[in-house]
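Subject: Structure handover

Hello,

Here is the structure I said I would pass on. My notes on what turned up in it follow below.

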Amino acid sequence: LVDTVKYIVRNNIRESDAWNIRRKLLEKPFIGPKTIDAFLLFTTQNSFFTPSDRHYLLYVRTFLELRKYPPVKKYCTSYTCYSCPLQERCVSGWSIRVFGRLSGWIQTLSYLHGRRIVKLPSLK
């Protein structure tokens, strides 16, 4: 695990490698999709990783009026968000499909908004 982390931090990894690293890290016990996605978002240049937390779920529900759910680890270890059968239900998969490389940063804004660090306008 430590060697994987060192590799990620030292190298500019490609998207395909990032998905493989995500899958391997998710095989570890007690580490979920939110934690891995946050780690990959802030240590790589792959800004599509979307750490789906309660702030993002609330933002999507309140401002976009959509009901989405957190990622399911069992599916995250078998699929990328692009190919996951739960893509439309899962907030991460949906967000990556809709927002692409902005997905992780939109989630970050929702987190800052939820923590009352920034105020976001409604999209209604």
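A residue is called buried here when its relative accessible area is under 20%, exposed when that area is over 50%, and partly exposed in between. Please keep in mind that this is a predicted model.

Helix α3

Helix α3 spans residues 33–43, and its buried residues are P33, I36, D37, L40 and L41. They lie on the same side of α3, because the arc they cover around the axis is only 130°.

I36 is one of the buried residues of helix α3. Its relative accessible area is 4%, under the 20% cut-off, so I36 counts as buried. Apart from neighbours within four places in sequence, I36 contacts R22, L25, L26 and I31. I36 and R22 are 14 residues apart along the chain, and 6.5 Å separates their C-alpha atoms.

The cores

The largest nonpolar core holds 16 residues, and I8, W19, I21, I36, L40 and F49 have the most contacts inside it. Two or more residues of this core come from each of α2 (15–26) and α3. Helix α2 gives the largest share, five residues. W19 is in contact with F48, F49, T80, C81, Y82 and I96, when residues up to four places away in sequence are not counted. There is also a second, separate core of eight residues, with Y59, V60, F63 and I106 among them.

Helix α6

In helix α6 (residues 91–99), V91, S92, G93, W94, S95 and I96 are buried. What do these buried residues of α6 pack against? They pack against α2, α3, α4 (54–63) and α7. G100 follows α6 and has a positive phi, near 60°.

Salt bridges

How many salt bridges does the count come to? The count is three.

- D37 and R22 form a salt bridge in which the closest N and O atoms are 2.6 Å apart. This pair links distant parts of the chain, D37 being in helix α3 and R22 in helix α2, 15 residues apart. D37 and R22 are both buried. R22 is also among the contacts of I36.
- E15 and R101 meet through their side chains in a salt bridge, at 3.2 Å from N to O. E15 is partly exposed at 25% relative accessibility, and R101 is partly exposed at 43%.
- E88 and R97 form a salt bridge, with 2.6 Å between the closest N and O atoms. E88 has a relative accessibility of 41%, which makes it partly exposed. R97 is partly exposed as well, with a relative accessible area of 42%.

Surface

L109, I117 and V118 make a nonpolar surface patch of about 240 Å². V118 is located in the segment after α7 (103–114). With a relative accessibility of 32%, V118 counts as partly exposed.

That is the list for now.

Regards

How values were computed: Residues are numbered from 1 along each chain as its sequence is written. This is a predicted model: local features need pLDDT of at least 70, side-chain atom pairs count only at pLDDT 80 or more; totals for chains, interfaces and linings use all residues. Side-chain values use heavy atoms; hydrogens and water are left out. Buried means under 20% relative accessible area, exposed over 50%, partly exposed in between (1.4 Å probe, protein chains only). Helices (H or I, at least four residues) and strands (E, at least two) are DSSP runs, numbered from the N terminus. The arc is that of the directions from the helix axis to the C-beta atoms. Contact means heavy atoms within 4.5 Å. Patches are made of residues with over 30% relative accessible area and no salt bridge: like charges are joined within 9 Å, nonpolar side chains (Val, Leu, Ile, Met, Phe, Trp, Tyr) within 5 Å. Accessible areas come from the Shrake-Rupley method with a 1.4 Å probe; for residues, only the protein chains shown count as cover. A salt bridge is a side-chain nitrogen of Lys or Arg within 4 Å of a carboxyl oxygen of Asp or Glu. A nonpolar core is a set of buried Ala, Val, Leu, Ile, Met, Phe, Trp, Tyr and Cys residues joined through side-chain atoms within 4.5 Å.
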